[in-house]
Amino acid sequence: MADIDTLLKEKRTFKPAPEFTKQANWNKRTTSEHRKLGEKNPTKFWAKMAKENVSWFTPWKKDLEWKPPFAKWFVGGKTNVSYNCLDRHLDPKTSPGGVSRKNKAAIIWEGEPGDTRVITYGQLHREVCQFANVLKEQGVKRGDRVCLYMPMIPELAVAMLACTRIGAAHSIVFGGFSADALRDRINDAEAKLVVTSDGGYRKGAPFALKATVDKAVAQTPCVEKVIVVERTKQPVEIVAGRDLWYHELMALASTKCAPAKLDAENPLFILYTSGTTGSPKGILHTTGGYLTHVTTTFKAIFDIKDDDVYWCTADIGWITGHSYVVYGPLANGATTVMYEGTPTHPGPDRWWDLIEKWGVTIFYTAPTAIRTFIRLGDEHPKAHDLSSLRLLGSVGEPINPEAWMWYHRVIGNKKCPIVDTWWQTETGGIMISSIPGAVDTKPGSATKPFPGVHADIFDEEGNSQKGEAGGFLVLKHPWPGMLRGIWGDPKRFKETYWGTYDETYFAGDGAHRDKSGYYWIMGRVDDVMNVSGHRIGTMEVESALVSSPDVAEAAVVGRPDDITGTAIVAFVSPIGGTDANDALVDRLKQHVSKEIGAIARPAEIRFTTALPKTRSGKIMRRLLRDIASGKEVAGDTSTLEDFSVLAKLRESDED
Ligand code: PRX
């Protein structure tokens, strides 16, 4: 509760500037109308948004079919995501706003070495059609799954849109995941085809991806073909009959491919995310509802206009990249910036340089990045002209008021509204956020639920809390972007999200609602850690650790960290006879990197003779968290520790 207490002492309020409100897509009046309808009849509100913001080939018959916890939105409607993101913008008769965007930049891309590509809507449309034809030629059909394991290059967006064009579902695996993690995700989704690249650039050097795919695909019988984009030109092994070069296939492919008329509930993508158990969950999103949700929230919350240059720094491998680098922006005909590499390469000002260079007007990033830049010093952003910026966004973890104020002052020059957006892989799109021309902001609060979103605070027994209250953040009415299930596991879907409360989605977060109805997100209340805005399950890291021959038992907890929000601390009891020393620490860190990926690498490993347990055999996680964060002194940390004494003192407390 300590964090939330400090947040709640926050008294500053920032009103939207009248000049901003005057030009806003959603102003106070329209927002309040939307809120009223959303409150009274959320289904009707979303249906209105689906009509206004999405183009349909066939209108739907029923707004929502809700058989808890299974929802179908816009039943019977037919549409296509790539049509909405591309084709409709090419012709003033079909484009939102009635203008042709054929020669407008859809993607401004910059590679880490400084190479650039600007791709217009017309060009992107052609490339997507070509790649859709390539996929078809390689045997990909409607309903199949295609795994994308790629760096941040335009071909990733092309591949996503090409899948949506023919009705195949993509499953993007973040390029930082290991071969084992990739293999498990490919097998779980039974992907038929993998699109990858030779590699990409990070921290000034090329890294390899194809080699990782080779390792993974050796154990994925479902994969028939691997298509490889040439990015770094590093040597790769090409397996005859399986591996094909992207550029060779594209050179032969037709630029014409009609978008498939897909059912609103046609699977759009699967994205794996961490939960409280060891194996990642394949979160399933579908077509019409997801598109409605991301298109509407993007237009309202990012206040997009035709002359904006919008940049979301997230990697497309995460949900933020899916919804707000690719689909939301392109469906609105916006110019979206993609940057391939490390924020601080070649210097600590690379991001600010990019904003100045491309004239970015809307910038969306994560608190962990903001805190990193605070530490690097104000001189770097100050060395650049950031005056093009007019709106800032934050996502992925709670933003502490100091970081919020720095963002406001140093990056936004005190004139840009900040939208702090709360949502999840499972929600598909933003659920709680300020509307920049309509809602006053308070540093550290995501403000109010988006119209049509019925958020609430429940206590442990499932009682809705009235007015000012703290507790579990829940969603009480289905929303169009909601996950439709966990791939291949309806039972886990029910238990994980709908098992705590009746017909109510429990998000896994704790929150506080203040007197004015503002939500202050406290972070995860389950065994999921939020490291640099990425979810990692404690169990996932624990199972990686115990799979090492050196480890008898392991328990993983998060400890607060100034930069990353949470740092991973592992308590490990080595197998009898194994020496607990620095070499073992390195070995275990490397082992976790190999099993999951570098993002899950523990910041700290501490050895113990045995893990402290309650009489009933439960690991005393609270005690371990206190030890990890230094609240409880446990003595020498360099050799084997014995927590049994502390455990005894605490036992009655934890059982
Ligand atoms: O704990 C919340 C935190 O990130 C979790 C969702 O993680 P993921 O599915 O990876 O999606 C991240 C990007 C949408 C949430 O359960 N979170 C996300 N946004 C915020 C946040 N916590 C506080 N404030 C936010 N704005």
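**Exercise 1. Find which side chain lies 2.5 Å from an oxygen atom of the ligand in this predicted model, and say whether that residue is buried or exposed.**

Step 1. Look for the polar atom pair. A polar side-chain atom of Thr425 sits 2.5 Å from a ligand oxygen atom.

Step 2. Thr425 belongs to the loop between strand 20 and strand 21 (455-458).

Step 3. Check its cover. The relative accessible area of Thr425 is 9%. Buried means under 20%, so Thr425 is buried.

Step 4. List its partners. Beyond four places in sequence, Thr425 contacts Leu271, Thr273, Ile283, His285, Ile319 and Arg535.

**Exercise 2. Describe the shell around the ligand: which residues come nearest, and which helix and strands supply at least two residues each?**

Step 1. Start with the count. The ligand has 17 residues around it. Asp420, Thr421, Thr425, Asp509 and Arg535 come nearest.

Step 2. Sort the shell by class. Six residues are nonpolar, six are polar and five are charged.

Step 3. Helix 12 (319-331), strand 20 (418-421) and strand 25 (519-524) each give at least two residues.

Step 4. Asp509 has a polar side-chain atom 2.6 Å from a ligand oxygen atom. Gly396 uses a polar backbone atom, 3.1 Å from a ligand nitrogen atom.

Step 5. Finish with the area. The ligand alone exposes 540 Å², and the protein buries 96% of that.

**Exercise 3. Determine whether Asn84 is buried or exposed, and which side chain it joins in a polar contact.**

Step 1. Locate the residue. Asn84 lies in helix 5 (residues 81-90).

Step 2. Read its accessibility. The value is 0%, so Asn84 counts as buried.

Step 3. Find the polar partner. The side chains of Asn84 and Thr79 are joined by a polar contact of 3.0 Å.

Step 4. Complete the surroundings. Leaving out residues up to four places away in sequence, Asn84 touches Val54, Ser55, Thr79, His89, Leu291, Leu330 and Ala331.

Technical notes
Residues are numbered from 1 along each chain as its sequence is written. This is a predicted model: local features need pLDDT of at least 70, side-chain atom pairs count only at pLDDT 80 or more; totals for chains, interfaces and linings use all residues. Side-chain values use heavy atoms; hydrogens and water are left out. A residue is near a molecule or strand if one of its heavy atoms lies within 4 Å of it. A polar contact is a pair of N or O atoms within 3.5 Å; within protein, one must be able to donate a hydrogen and the other to accept it, and residues adjacent in sequence count only if both atoms are side-chain atoms. Accessible areas come from the Shrake-Rupley method with a 1.4 Å probe; for residues, only the protein chains shown count as cover. Helices (H or I, at least four residues) and strands (E, at least two) are DSSP runs, numbered from the N terminus. Ala, Val, Leu, Ile, Met, Phe, Trp, Tyr, Cys and Pro count as nonpolar, Asp, Glu, Lys and Arg as charged, and the others, Gly among them, as polar. Buried means under 20% relative accessible area, exposed over 50%, partly exposed in between (1.4 Å probe, protein chains only). Contact means heavy atoms within 4.5 Å.
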